Amino acid sequence: MSKRLQVLLPPEELLAIQQLAKRESLTVGEWVRRALREARIRRPVSEPEKKLKAIRRSVSHSFPTGDIAQMLDEIAKGYES
């Protein structure tokens, strides 16, 4: 279910948004929805400190690994089959 969101803007800012929307052949509502989606996508899903903690925890492990060239070759062969 959709919900209504009211945003109060100064006249000059509203005029600028109206002009941008018109230039893209969009309604102001659609332009704002797209701008909000783009802003939300650019924001990280989790806090940077949480990500850093996970990275620090993962590099503390010592797992066996193979030669990078060999691994990349095996991955490429997997895509080919």
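Trainee: Which residues in helix 1 meet which residues in helix 2?
Mentor: First, a word on the source: this is a predicted model, where local features need pLDDT of at least 70, side-chain atom pairs count only at pLDDT 80 or more, and totals for chains, interfaces and linings use all residues. Residues are numbered from 1 along each chain as its sequence is written, and side-chain values use heavy atoms, with hydrogens and water left out. Helices are DSSP runs of H or I with at least four residues, strands are E runs of at least two, and both are numbered from the N terminus; contact means heavy atoms within 4.5 Å. On those terms, Ile17, Gln18, Leu20 and Ala21 of helix 1 meet Val28, Trp31 and Val32 of helix 2.

Trainee: How many residues of that contact are nonpolar, polar and charged?
Mentor: Ala, Val, Leu, Ile, Met, Phe, Trp, Tyr, Cys and Pro count as nonpolar, Asp, Glu, Lys and Arg as charged, and the others, Gly among them, as polar. The contact of helix 1 with helix 2 then divides into six nonpolar, one polar and no charged.

Trainee: At what angle do the axes of helix 1 and helix 2 cross?
Mentor: Axes are lines fitted to C-alpha atoms, for helices over the stretch in contact, and angles run from 0 to 180 degrees between N-to-C directions. These two axes come within 9 Å and cross at roughly 95°. That makes helix 1 roughly perpendicular to helix 2, the word for 65 to 115 degrees. So the pair is described by a crossing of roughly 95°.

Trainee: How many helices and strands does the protein chain have?
Mentor: From the N terminus on, its elements run α-α-α-α. The count is four helices and zero strands.

Trainee: What box do the C-alpha atoms of the protein chain fill?
Mentor: The box is taken along the principal axes. Its dimensions are roughly 60 × 35 × 30 Å.

Notes: Angles under 35 degrees count as roughly parallel, over 145 as roughly antiparallel, 65 to 115 as roughly perpendicular and the rest as oblique.
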